[in-house]
Amino acid sequence: MTTELREKVERIVRQVVRETLAASEGALSQLAGALPDGRTPLVVANWKMNHLSEDARRFASGLELADGVEVVICPASVLLPVLASALGAASPVRLGAQNLHFEPSGAFTGEHGPAMIADAGCRYVICGHSERRTLFGESDEAVQRKVAAALGSKLRPILCVGEKLAEREQGATFRVLRAQLLADLADLGSPAPDPRELVVAYEPIWAIGTGRTASAAQAQQAMAFCREQLAERFGWAWAERARLLYGGSVTPDNAAGLIAQEDVDGFLVGGASLDARRFSEIVAAAAPGRGGA
Ligand code: PEP
């Protein structure tokens, strides 16, 4: 059997197993009063180290939401109060931080602890972004502690995982993703967190800020693999309820093709999130009926 044919057969078998297990586990957990099925599309803006107060205000007044899509904006931490007030208390838009320290408080100059982030109005926090890993030397151990600390403070971690270009070219994508997910989700305690409380973003490093997006098929393949890893860790009924985001040069032009993939539940958007109009177009593309769940 050729490698291509073997991979195809394996994919089909995995899909059948996945659907069967999810159906049976889903029925059991619904009997036990667990969540109904369905993943609300989620679109997250990561402004990185960009924008001043005036830009944040302009963004808030230009942002257009779409029914059925949850929107999160992660500005630089100093902009959180400005953005919160520009959006207004009644806004359904949620705030997120781009990073956190895993210790609750103490002598960590320049850092923000989980309770501070929650106190600033955040519901989400990005953990293990590749720029933190590569530019600031963040290890999987630190990322794991951040994920656990976020969950412990009622923040929803958006855990970023993804392979480097060389790793993809060497055929090591799945190995890297598996290792990151195993390490970053270790020691979460028992019982498992609510699947709505943990978001995983697949962000191939070669696609971040490069203008080079993963094809829809590449994104789907990697994200189906991530969901399988979550299922191995927490069970299929859990994994089918957790949201997986794609990140890496998402634009209004490629968003529709990506969100149409079964395992793409939304986006983590960098460059294109700086402009309210472009970001709103991405949000619109994720709306149920247009591509989102
Ligand atoms: C990111 O920073 O998470 C990201 C995906 O950036 P960009 O959209 O610019 O590639």
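These legends describe close-up views of a predicted protein model with its ligand.

Residues are numbered from 1 along each chain as its sequence is written, and side-chain values use heavy atoms, without hydrogens or water. Because the model is predicted, local features need pLDDT of at least 70 and side-chain atom pairs count only at pLDDT 80 or more, while totals for chains, interfaces and linings use all residues.

**View 1. The whole chain.** The protein has 12 helices and 8 strands. These are DSSP runs, numbered from the N terminus: helices are H or I with at least four residues, strands are E with at least two. Buried residues account for 50% of the 293 residues. Buried means under 20% relative accessible area, exposed means over 50%, and partly exposed lies in between (1.4 Å probe, protein chains only). Areas come from the Shrake-Rupley method with a 1.4 Å probe; for residues, only the protein chains shown count as cover. Take the contacts between residues at least 6 apart in sequence: 73% of them join residues at least 24 apart. Contact means heavy atoms within 4.5 Å.

View 2. The ligand is surrounded by 14 residues. Lys 48, Glu 203, Gly 209, Ser 249 and Gly 271 are the closest. By class, the shell holds 4 nonpolar, 8 polar and 2 charged residues. Here Ala, Val, Leu, Ile, Met, Phe, Trp, Tyr, Cys and Pro are nonpolar; Asp, Glu, Lys and Arg are charged; the others, Gly among them, are polar.

View 3. A side-chain N or O atom of His 129 lies 2.9 Å from a ligand oxygen. A polar backbone atom of Ser 249 is 2.7 Å from an oxygen of the ligand. For Gly 270, again a polar backbone atom, the distance to a ligand oxygen is 2.8 Å. On its own the ligand has 290 Å² of accessible area, and the protein covers 96% of that. A polar contact is a pair of N or O atoms within 3.5 Å; within protein, one must be able to donate a hydrogen and the other to accept it, and residues adjacent in sequence count only if both atoms are side-chain atoms.

**View 4. Two loop residues with positive phi.** Most residues other than glycine have a negative phi. Ser 249 has a positive phi, near 55 degrees. Its loop joins strand 7 (243-247) and helix 11 (255-259). Ser 249 counts as buried because its relative accessibility is 18%. His 51 also has a positive phi, near 85 degrees. His 51 sits in the loop between strand 1 (42-46) and helix 2. At 22% relative accessibility, His 51 is partly exposed.

**View 5. Helix 2 and its buried side.** Helix 2 spans residues 53-62, with Ala 56, Phe 59 and Ala 60 buried. These three lie on the same side of helix 2 because they cover an arc of only 100 degrees around the axis. The arc is taken from the directions from the helix axis to the C-beta atoms. Exposed Arg 58 and Ser 61 are on the face turned away from the buried side. Cover for the buried residues includes strand 2 (70-74), helix 3 (80-87) and helix 12 (276-285).

**View 6. Ser 280 in helix 12.** Ser 280 belongs to helix 12. Ser 280 is buried, at 9% relative accessible area. Its side chain reaches the backbone oxygen of Ala 276 at 2.6 Å. Leaving out residues up to four places away in sequence, Ser 280 touches Gly 62, Leu 63 and Glu 64.

**View 7. Glu 70 in strand 2.** Glu 70 lies in strand 2. With a relative accessible area of 12%, Glu 70 is buried. Its side chain makes a polar contact of 2.7 Å with the side chain of Tyr 124. Beyond four places in sequence, contacts of Glu 70 include Arg 94, Tyr 124, Arg 156 and Arg 243.

View 8. The loop between helix 8 (173-184) and strand 6 (199-202) contains Leu 198. Leu 198 is buried, at 1% relative accessibility. Pro 157 is 41 residues away in sequence, yet its C-alpha is 5.5 Å from that of Leu 198. Neighbours within four places aside, residues in contact with Leu 198 include Val 147, Pro 157, Phe 234 and Trp 238.

Conventions
A residue is near a molecule or strand if one of its heavy atoms lies within 4 Å of it.
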